[in-house]
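Dear colleague,

Please find the structure below. My notes on the domains, selected residues and salt bridges follow it.

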Amino acid sequence: MIFVRNLILTLFLIGCTTPSGIDQKDVKRILETLSSDEMQGRRTFTPGIEKAAAFIASEFEEIGLKPIDNLSSFYQRFTATSVAIKESKVVINNKLIEKNNYFIRLSDGDISWTDTESVEVSFINTNDDFGKKASEAFARNGNLLVMVSTEHKDIFNRYRSYMERPRIVLPTDSESSANLVFVLMDTNAIDQLYVEASSAAEEKQLANIVGKIEGNKKDEIVVFSAHYDHLGIGKPVEGDSIFNGANDDASGTTAVIELANYYKQKGTPERTLIFATFTAEEIGGFGSRYFSKQLDPDKIVAMINIEMIGKPSKEGINSAWLTGWNKSDLGEIMEHNLDGTEYTLYADPYPEQNLFYRSDNATLARLGVPAHSISTTQIDIDTDYHQVSDELATLDVENITQTINAIAIGAQGIVDGRQTPTRINPDEVKR
Ligand SMILES: [Zn+2]
């Protein structure tokens, strides 16, 4: 009897202590909480994201993290200005332009143009590259009217639906003085012009949730990060209207919490570890932009950002990819540290998607920090990406656990101060 009982006890203990050191049950608990309907899709500026923030802060507290310097809690609060166009009217060549055929960006305040004297006019013709011409316009200052050929209607509409959302301005942003009006209309001359538009600005509160484990070296920092916001509630699809964002990016947020717990258990690290979960990634990466300006980039040895690790990568389970592989040797270091394990790390297989620039690592990368994102998602074929179907049931929790474990093993030498990745050359990073 006793033998059998001991055997059962032994088996029970083996079952509990996963070889990874990261507890799969705990991974599931955190994922379940963050992606539950109660969090209402964690959209920035909604009560749903507040709940997610409170949950992450309570996890950090329980783990025993400390707030970072200059903060008294895990909340890194900041204010953004949200600028929305209130009223507008556009008449060109004596024709009243329908709302669907123009969009406006104001730097601040109102505009009233009654002739082309103080306005520069440019044309995007049929054979022009719309994207290139549009970014040139967005880089300008002053008053600019851009007339767009109706041949570019589809891309114009994509820009318009983006531009009609309120514009978010951070206190750390440099002020723009551009007033832009894009009009979809076939013409090559402006004979008459009347544009009137007013904007309303509103102050809005945001918060990243950030904690640290202070190492022996306070001036050498390793950042582990992910974004905790998602898309919120939208139009119902088969009765479901909540964008749970289980993969994007509850999975990465879970990894950050688990890594905090893992390293805390190991005692004081050589380098200081910062665990950051960002707000407002989905609406423009504002959380990480703010965070990145609060630290001295020269003190950050590496940033490992974790984006969508919910499903096996195209190379199968036990593998993940890293964006911007050749920009520093962080990927090589981590891959080397994983030698002898079942896990492999490889270069981003979707370079055409520009994912290196599309996630929260980009701001610090531009400042020279070896800042990269790790992911496993098959972004080209994932039918749940940015859909209400991005739910826990579609995720492989065992593989997520292995991925978090692999990040812990891969980063160990950097945490210990034995390995230091090369810096990114800011000149090789697109603005
Ligand atoms: Zn994401």
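How far apart do the C-alpha centres of domain 1 and domain 2 lie? The separation of the two centres is 36 Å. The domain assignment gives domain 1 as 21-66 + 214-428 and domain 2 as 81-203; such bounds come from an automatic or database domain assignment.

Before the details, two remarks on conventions. The model is predicted, so that local features need pLDDT of at least 70 and side-chain atom pairs count only at pLDDT 80 or more, while totals for chains, interfaces and linings use all residues. Residues are numbered from 1 along each chain as its sequence is written, and side-chain values use heavy atoms, with hydrogens and water left out.

Seven residues from domain 1 and four residues from domain 2 make up the contact between the domains (contact means heavy atoms within 4.5 Å). Domain 1 and domain 2 bury about 610 Å² between them, with 65% of it on carbon and sulfur atoms; buried area is the accessible area (1.4 Å probe) that two parts lose on being put together, summed over both. Of the area that domain 1 buries against domain 2, 56% is supplied by Phe286, Arg289 and Tyr290, more than by any other three residues. The side of domain 1 that touches domain 2 has four nonpolar, one polar and two charged residues. In this classification Ala, Val, Leu, Ile, Met, Phe, Trp, Tyr, Cys and Pro count as nonpolar, Asp, Glu, Lys and Arg as charged, and the others, Gly among them, as polar. The count of salt bridges between domain 1 and domain 2 is zero, a salt bridge being a side-chain nitrogen of Lys or Arg within 4 Å of a carboxyl oxygen of Asp or Glu.

Salt bridges

By this rule there are 14 salt bridges. One of them joins arginine 271 to glutamate 220, with the closest N and O atoms 2.8 Å apart. Arginine 271 is in strand S13 (residues 271-278) and glutamate 220 in strand S10 (residues 217-227), 51 residues apart, so the pair links distant parts of the chain (helices, H or I of at least four residues, and strands, E of at least two, are DSSP runs numbered from the N terminus). Arginine 271 counts as buried because its relative accessibility is 3%, whereas glutamate 220, at 25%, is partly exposed. Here buried means under 20% relative accessible area, exposed over 50%, and partly exposed in between (1.4 Å probe, protein chains only).

Aspartate 382 and lysine 311 also meet in a salt bridge, at 3.1 Å from N to O. Aspartate 382 lies in the loop between strand S17 (371-375) and H11, and lysine 311 in the loop between strand S14 (300-306) and strand S15 (319-322), so the pair ties together parts that are 71 residues apart in sequence. Aspartate 382 is buried, with a relative accessible area of 15%, and lysine 311 counts as buried at 15%.

A network of salt bridges links Asp69, Lys212, Glu214 and Lys218.

Around helix H11

Glutamine 412 is placed in helix H11 (residues 397-415) and is buried because its relative accessible area is 15%. Leaving aside neighbours within four places in sequence, the contacts of glutamine 412 are Tyr262, Tyr263, Lys266 and Arg418. Arginine 418 forms a salt bridge with aspartate 416 (3.1 Å, N to O). Arginine 418 counts as exposed at 59% relative accessibility, while aspartate 416 is partly exposed at 29%.

With kind regards
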